[in-house]
Structure formats: structure tokens, C-alpha cells
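Please read it alongside the sequence and the model.

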Amino acid sequence: MENETPGVTRKLSFFCACCLLLAVCLVAASCGYRMTGSRLLPFNSITIKPVINKTYEPGLEESLHNALAGEFINQGIEVRASGGDVELEATVTSFLLGAVGSVDGIVKEQEIIMTVDIKLTDNGRVTEFREMRSPIKITFQSTGTVSESAAHKETATDKASREIAKEIVSRVIMRYAK
């Protein structure tokens with residue numbers, strides 16, 4: 001008889017823990033808590049106009065356009081060539097390379113600083129985000145052959161575009177979450 005009591009106590013404890021967890025979930029749901037995501041946005045699709053590149057660096061427009069499309073798709077928002085619920089215009093306004101590390105006057109590591117202006121048009125309402133940048137420092141190795149250095153720079157440029165796209169999409173979502 002004494003052997004059954006610890007088993008019953010364990011089952012009772014498990015049952016109480018399950019009831020408590022269920023009660024907490026029900027209270028949280030009844031208070032109106034919910035996850036913020038694309039379902040709360042008043043639009044389901046977006047048209048990303050061709051990116052304008054005002055710098056002398058070639059290929060930035062394609063890199064940023066692909067990054068923006070990928071990030072919106074990741075958030076469950078359909079990207080359309082035309083006829084989207086919302087229209088986004090992006091302009092790359094600056095692209096700078098800065099020396100981060102050098103040895104004996106030879107640059108070994110460089111930083112990419114890219115700035116983008118955004119214009120979002122929703123039913124005639126225009127919202128602008130100026131001077132969007134990557135929230136993290138993007139660097140690349142500039143050592144080795146010229147082709148290796150160019151490949152590192154291209155990879156870093158794509159990463160900068162993805163980071164800026166994440167920042168842009170989060171700003172758009174936060175604008176509508178208010």
C-alpha cells in the first residue's frame with residue numbers, strides 16, 4: 001500500500017501541472033495577447049519597384065531588390081511585379097568602403113557602409129524611411145588575389161543588402177503594428 005502512494009502523488013502532481021499550464025494559456029489568450037506577424041498587416045502583397053542606384057558601385061540594385069523580395073517572402077507577404085497592395089521604392093544613396101585593418105600600410109580588411117532611402121505607398125499614403133543602414137558592421141577580407149578580394153566584396157555586399165532588407169521589413173511591420 002505504501003508503494004502506491006508515491007505513484008499516485010506523482011500522477012496528481014503531473015495532473016496539477018497540466019491544469020496550471022492550461023489555465024495560464026487560457027488567461028493569456030483571453031487577455032488578447034497574440035503574435036505580431038504579417039497576418040496583422042492590412043496588406044497581403046507588395047510591389048517592389050526597380051531599385052535606383054545613385055552610386056558608382058555596379059550591381060547594388062539587383063542585390064538589394066533580391067534581398068527585399070526574399071525578406072518579404074520570408075514574412076509571408078507575396079511579392080508581385082505589379083498590382084501589389086503596397087508599393088515600395090528603394091534608392092541606394094551611398095556605398096562606401098572603409099579600411100578596418102591594415103598591416104604595414106596594406107589594407108587587410110574593409111567595411112561596407114551602404115545607405116538606402118525607402119518610400120512606401122499604401123492607398124495614396126506615403127511613408128518614407130531615410131538613410132537605412134545595416135544594424136551590424138559588415139566587413140570582408142581584402143587580402144589575396146584581386147578576384148578573391150572581389151568575391152569577398154560581392155559576398156559582403158549581398159550580406160549588407162540582406163541586413164538592410166531585414167531592417168526595412170521590420171520597420172514596415174512595426175509601422176502597421178501600432
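Helices, as the term is used here, are DSSP runs of H or I with at least four residues, numbered from the N terminus. On that basis Glu163 is found in helix α3, which covers residues 146-177. The model is a predicted one, and the structure holds seven salt bridges.

**Glu87 and Lys49**

- The side chains of Glu87 and Lys49 meet in a salt bridge, with a distance of 3.4 Å from N to O.
- This pair links distant parts of the chain, since Glu87 lies in strand β4 (residues 86-103) while Lys49 lies in the loop between β1 (45-48) and β2 (52-53), 38 residues apart.
- Glu87 is partly exposed, with a relative accessible area of 28%, and Lys49 is likewise partly exposed, with a relative accessible area of 33%.

**Arg130 and Asp117**

- Arg130 forms a salt bridge with Asp117, in which the closest N and O atoms are 3.2 Å apart.
- The two residues, 13 residues apart, link distant parts of the chain, with Arg130 in strand β6 (residues 125-132) and Asp117 in strand β5 (residues 106-122).
- Arg130 is exposed, because its relative accessible area of 55% is over the 50% cut-off.
- Asp117, by contrast, counts as buried, because its relative accessibility of 15% is under the cut-off of 20%.

**Asp122 and Arg125**

- A further salt bridge brings together the side chains of Asp122 and Arg125, at 3.7 Å from N to O.
- Asp122 counts as buried at 9% relative accessibility, whereas Arg125 is partly exposed, with a relative accessible area of 47%.

- When residues up to four places away in sequence are not counted, Glu163 touches Ser134, Pro135, Ile136 and Ile138.

Key: Residues are numbered from 1 along each chain as its sequence is written. This is a predicted model: local features need pLDDT of at least 70, side-chain atom pairs count only at pLDDT 80 or more; totals for chains, interfaces and linings use all residues. Side-chain values use heavy atoms; hydrogens and water are left out. A salt bridge is a side-chain nitrogen of Lys or Arg within 4 Å of a carboxyl oxygen of Asp or Glu. Buried means under 20% relative accessible area, exposed over 50%, partly exposed in between (1.4 Å probe, protein chains only). Contact means heavy atoms within 4.5 Å.
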